[in-house]
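Could you walk me through this model in my viewer, stop by stop? I would like to know what to select next and what I will find there.

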Amino acid sequence: MRTQKSTIDHVIVDAVVGAVEERVHRLCRQYAERLQFHGWHHVSFVRAKAAGFARHNGADVAVVEIAALVHDVNYLVLRNSPAAAGRSLRLEILAECGVPPRIARWVDEIVDEAEMATRGRDISLEAQALSDADTLFKALPVTPVVLAHRYLRENGLSLRELADKIVGEQCDVHDEGYYFYNPEAAATYSRWATANLQLWQCIKEAVDDPTVVELLDAVAS
């Protein structure tokens, strides 16, 4: 687990966070058609929840907020891509907004650490806060109902590919007991997470049924 100390002067921290927020918000508006799932609605939710988790676990709140604001800019660079694909754009945004280079690199490390597909049990407190917020968005009961179709369109995936991705990336982490790092988040939201993963496991099984495939083809035509 990596720990660092923020060197952002508390006098200017609000201005720096505000500048990053404004820049990312502008990008989300500009590319709203491309960011149907990972747009401002997602970014603002993750930012708010991550800040709350950071206050609870003692992480650097300002750094976590900045990381939350830029954590998904990779989707502007390449569809269906890992967080690392957005590194150059992420660092460019942070530099433009006056984030000191060392803090910018730290933010980039946090984003990489928090990524669902590769995160481990022992990650930094900042990455835990970001991960829990992003994971909660995935686990919300409304996400598969209201937002899953947006993810499919945004990333050019089939329902089968999305089900394989969710089950493949999330079930082991859930079963090994660190789907959420924050104990209160785990106590509050694990039931949602379990139901969500069971749903996607059922979808994964369903799309192997030829009659279901015919149904989906008919609906899509």
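Happy to. Keep in mind throughout that this is a predicted model.

**Stop one: the second largest pocket**

Let us begin with the lining of the second largest pocket, which by class has six nonpolar, one polar and two charged residues. To see these residues, select S158, L159, R160, V207, V213, L216, D217, V219 and A220, which line the second largest pocket. Two elements, α9 and α11 (210–220), each give two or more residues to this lining. Colour α11 separately if you like: with five residues, α11 provides the largest share of the lining. The space in the second largest pocket comes to about 260 Å³.

**Stop two: α9 against α10**

Select helix α9 (residues 159–175) and helix α10 (residues 183–206); their axes come within 9 Å and cross at roughly 140 degrees. α9 and α10 are therefore oblique to each other, and α9 passes α10 in a left-handed crossing. To display the contact, show L159, L162, A163, D164, I166, V167, Q170, C171 and H174 on the α9 side, and A193, T194, L197, W200, Q201, I203 and K204 on the α10 side. Sorted by class, this contact of α9 with α10 holds ten nonpolar, four polar and two charged residues.

**Stop three: α8 against α9**

Now hide α10 and bring up α8 (143–155). The axes of α8 and α9 come within 10 Å, crossing at roughly 105 degrees. Angles of 65 to 115 degrees count as roughly perpendicular, and α8 and α9 are therefore roughly perpendicular to each other. For the side chains, select A148, Y151 and L152 in α8, which meet L159, L162 and K165 in α9. The contact of α8 with α9 divides into five nonpolar residues, no polar ones and one charged. Leave L159 highlighted for a moment: L159 belongs to the contact of α8 with α9, and L159 also lines the second largest pocket.

**Stop four: the largest pocket**

The volume of the largest pocket is about 520 Å³.

Next, colour the surroundings by element. α4 (74–77), α6 (101–114), α7 (125–139), α8, α9 and α10 each contribute at least two residues to the lining. α9 gives the largest share, five residues. By class, the lining of the largest pocket consists of 15 nonpolar, ten polar and six charged residues.

**Stop five: the largest cavity**

H38 is one of the residues that line the largest cavity, together with V24, L27, C28, L35, V43, L69, D72, V73 and L76. How many cavities of 30 Å³ or more does a search of the whole structure find? The search finds one. The largest cavity holds about 60 Å³ of space.

Helix α1 (residues 13–30) gives the most to the lining of the largest cavity, with three residues. The lining of this cavity divides into eight nonpolar residues, one polar and one charged.

**Stop six: α2 against α7**

For the last stop, select helix α2 (residues 40–57) together with α7; the two axes come within 8 Å and cross at roughly 135 degrees. That angle makes α2 oblique to α7. Here α2 passes α7 in a right-handed crossing, whereas the crossing of α9 past α10 was left-handed.

Show the contact residues in two colours:

- On α2, take H41, H42, F45, V46, K49, A50, F53, A54 and N57.
- On α7, take L125, Q128, A129, L130, D132, A133, D134, L136 and F137.

Notes
Residues numbered from 1 in each chain as written. Predicted model: local features only at pLDDT ≥ 70, side-chain atom pairs only at ≥ 80, totals over all residues. Heavy atoms only, no water. Axes fitted to C-alpha atoms, helices over the stretch in contact; angles between N-to-C directions. Helix = DSSP H or I, 4+ residues; strand = E, 2+ residues; numbered from the N terminus. Parallel < 35°, antiparallel > 145°, perpendicular 65-115°, else oblique. Left-handed = near helix turned anticlockwise from the far one by under 90°. Contact = heavy atoms within 4.5 Å. Nonpolar A, V, L, I, M, F, W, Y, C, P; charged D, E, K, R; others polar. 1 Å grid on protein atoms, 1.4 Å probe; cavity = no way out; pocket = protein on both sides within 12 Å on 5 of 7 lines; lining within 4 Å. Points joined across faces, edges and corners; volume = space filled by probe spheres on them.
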